[in-house]
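Here is a friendly briefing on the inside of a protein model. Take a look at the sequence and the structure first, then follow the points below.

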Amino acid sequence: MTDFGTYGVWRGAAALDARFATTVERLGYGALWIGGSPSGDLRIAEELLDATERIVVATGIVNIWKDDAAEVARSVRRIEERHPGRFVVGIGSGHREATADRVRPLASLAAYLDVFDAEGIGRDQRLLAALGDRTLALAAERSLGAHPYLTVPAHTARARRILDENRPGALLAPEQKVVIHPDQEEARAIARRYLKRYFGLENYVGALIRHGVAESAFADGGSDELIDLVASNPTVAAAVAGLRAHLDAGADHVSIQALGDDPLASLEQLAEGLGLSA
């Protein structure tokens, strides 16, 4: 199985380049997650792998409604030939609000995996974005595991149980946002600006509510308590505590999304706080 390490970094594809990747690798993180629905040709993944030596690269995620499964599979095979064991393709079904064609997402994910099977993309080369119970079960049964985005430790605990019920040892790799800033109110403001669009998406809001967040917490851009929970801030110590809460709940790996003007500076401080730096 691909070794993601305990901590990785999540960053949108448009904000990724070789310098970012090599810095993340130097800081000691085990994986680099490509967010923002990267193209199915996966050229960005190949470029990041070419620039680095050991770090695992994964997509978080390729949107199944945007790219043909056979094309993505060909891209995965190309990358595996160049960088064996260092790439995992994460796929997901996106959001109803953003994709008019999004129907029967669970069945569509399964059909996409059927194509991967036919194209020789093995279970350990792929994983699923998963929030709901049935998608988590599918992730355990037919992929390396699950990569939940914008969740809380209570969700991680439930996800761990569901994965283990379907295939013990399946990878659980949630994403966690952090904001390192000298002023907590500004840290919260940075998080609220970023989270605004996500708080308008039913699947994320519904998952948070099912796992203990009150509906009223989403008013006015999110309560302080909600913001602090999903975007740990403003100190390194607070961020480390937020990350470790997912590990304590059963995560194998946590992908860190550092928000703010200088994410690499935040990631460097976090690497030291987590004991990653050499």
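Does Glu175 count as buried or exposed? Glu175 counts as buried because its relative accessibility is 1%, where buried means under 20% relative accessible area, exposed over 50% and partly exposed in between, using a 1.4 Å probe and protein chains only. This is a predicted model, in which local features need pLDDT of at least 70 and side-chain atom pairs count only at pLDDT 80 or more, while totals for chains, interfaces and linings use all residues. Residues are numbered from 1 along each chain as its sequence is written, and side-chain values use heavy atoms, with hydrogens and water left out.

**Glu175 and Lys177**

- Glu175 sits in strand β9, residues 175–178, and Lys177 lies in strand β9 too; strands (E, at least two residues) are DSSP runs, numbered from the N terminus.
- Lys177 is also buried, as its relative accessible area is 0%.
- The side chains of Lys177 and Glu175 make a polar contact of 2.9 Å. Such a contact is a pair of N or O atoms within 3.5 Å; within protein, one must be able to donate a hydrogen and the other to accept it, and residues adjacent in sequence count only if both atoms are side-chain atoms.
- Glu175 has a side-chain polar contact of 2.9 Å with Gln257, and a polar atom of its side chain lies 3.1 Å from the backbone nitrogen of Leu150.
- Lys177 reaches the side chain of Tyr149 through a polar contact of 3.3 Å.
- Leaving aside neighbours within four places in sequence, Lys177 is in contact (heavy atoms within 4.5 Å) with residues including Tyr194, Val230 and Leu259.

**Val89 in strand β5**

- Val89 belongs to strand β5, which covers residues 87–92.
- With a relative accessible area of 0%, Val89 is buried.
- Val89 and Ile61 are 28 residues apart in sequence, and their C-alpha atoms are 7.6 Å apart in space.
- Beyond its neighbours within four places in sequence, Val89 has contacts that include Val62, Val72, Phe116 and Leu127.

**The nonpolar cores**

- In soluble globular proteins, nonpolar side chains tend to be buried together.
- A nonpolar core is a set of buried Ala, Val, Leu, Ile, Met, Phe, Trp, Tyr and Cys residues joined through side-chain atoms within 4.5 Å.
- The largest one here has 59 residues, of which Tyr29, Phe87, Ile91, Phe116, Ile256 and Leu267 touch the most other members.
- Apart from that core lies another, of 35 residues, among them Val179, Tyr204, Phe218 and Leu226.

Note on methods. Helix = DSSP H or I, 4+ residues; strand = E, 2+ residues; numbered from the N terminus.
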